[in-house]
Amino acid sequence: MADDTLQPAPMLHWIRERERIRVRKERGDAPPWTDDPILSGYRFCCVRREDDRGTIWIRRNIREPYADHPMLWLMLCIGRQINWPNTLNWLMTAWGAWPDSDGFEPRLMTAAMNVRKSLGEKLYTGAYVISAPSTKGADKQAYICEQVIGEQWNRRDGFARHFAGQPSLRTTHERLTRVKGWGPFMAYQAVVDMRFTKLLSGAEDVSIWAAAGPGTLRGLNRIHGRAVDYALSQGQALSEMRAIYRIVQQETGVHMDFSDVPNILCETDKYLRVKNGEGKPRALYVPGRGS
């Protein structure tokens, strides 16, 4: 049945134009790559998450080289919590700070992070709002490494049994959100990374399930003509995302994974926020930075 409330034009425009920008940039065309002042002035993710610079780095440096490692799932979780390639490279080369050997200990990860901090180096990306300790002045590195990642490390046997079965994206997401520091949004980022590895590539719900974060919900509300802050349930959001997935590739010619649907909705929300004069994204577009 057709959804008469769906007004997809802004989303379809964003998809077509953002993909043209990516193609023109990668082809080596001289800027500007678009006549759209919003897309040329602000930083937006790619249509496909797999084309974003951060995900490309994770694919090349974690997903592929550690494809058969039993702790791949934890490496991907660390990758999204830190999400800064220079810091991740540092951890990979510091003894005991990366879970690729029996010597891994969360406290050694903390030590390596704080050495990097003492050198005045950036530790985390600004792309995600990650969990922080509740006590003012507490060591954030100790919290991330020993409590957030540390709790996952302590539960590694349970995670091993989980991945040894036939887990779905949904059940993996649910398991992750039961760990301290893993809200629904961050857990979904790690799950999507796992979706493109043998951990979850064969999951039964790769083409029908996705989590809708705050930006995705706002995007859905906008293209259905609802109030931006309408309290949309996850069930209704999933139903609407499935309907969108059925039309976006046909309408735009851009092939994408179902896991890209939350992304395009979140970015459409950012785009319309600017277009409607409601606010601006956090980051301006700077040549040479981002995807």
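A residue is called buried when its relative accessible area is under 20%, exposed when it is over 50%, and partly exposed in between, with a 1.4 Å probe and protein chains only. By that definition Asn 83 is buried, because its relative accessible area is 10%. The structure is a predicted model, in which local features need pLDDT of at least 70 and side-chain atom pairs count only at pLDDT 80 or more, while totals for chains, interfaces and linings use all residues. Residues are numbered from 1 along each chain as its sequence is written, and side-chain values use heavy atoms, with hydrogens and water left out. Helices (H or I, at least four residues) and strands (E, at least two) are DSSP runs, numbered from the N terminus.

- Helix H1 covers residues 9-27; it has 19 residues and reaches 27 Å from its first C-alpha to its last, close to the 27 Å expected at 1.5 Å a residue, where the expected span is 1.5 Å times one less than the number of residues.
- The buried residues of H1 include Met 11, Leu 12, Trp 14 and Ile 15, and what covers the buried residues of this helix includes H2, H11, H12 and H13.
- After H1 comes Gly 28, which has a positive phi near 95 degrees.
- Helix H12 (234-252) also has 19 residues, and from its first C-alpha to its last it reaches 26 Å, close to the expected 27 Å.
- Among the buried residues of H12 are Ala 237, Leu 238, Glu 240 and Met 241, and the cover over the buried residues of H12 includes H1, H11 and H13.
- After H12 comes Gly 253, which has a positive phi near 75 degrees.

**The crossing of H11 and H13**

- Two packed helices are described by the angle between their axes and the distance between the axes.
- The axes of H11 (residues 214-223) and H13 (residues 261-275) come within 7 Å and cross at roughly 70 degrees; axes are lines fitted to C-alpha atoms, for helices over the stretch in contact, and angles run from 0 to 180 degrees between N-to-C directions.
- H11 is therefore roughly perpendicular to H13, since angles of 65 to 115 degrees count as roughly perpendicular, under 35 as roughly parallel, over 145 as roughly antiparallel and the rest as oblique.
- Residues of H11 including Gly 215, Leu 220 and Ile 223 meet residues of H13 including Pro 262, Leu 265 and Leu 272, where contact means heavy atoms within 4.5 Å.

- Asn 263 is found in helix H13 and is buried, with a relative accessible area of 14%.
- Not counting residues up to four places away in sequence, Asn 263 touches Cys 45, Cys 46 and Val 47.
- Cys 77 lies in helix H4 and is buried, with a relative accessible area of 0%.
- Leaving aside neighbours within four places in sequence, Cys 77 is in contact with Ile 149, Gln 152, Leu 176, Trp 182, Ala 190 and Met 194.

**Backbone in two loops**

- Pro 31 and Pro 32 are joined by a cis peptide bond with omega of about 5 degrees, and Pro 32 is found in the loop between H1 and helix H2 (37-41).
- Asn 83 is found in the loop between helix H4 (72-82) and helix H5 (85-93), and the phi of Asn 83 is near 55 degrees, a positive value in a residue other than glycine.
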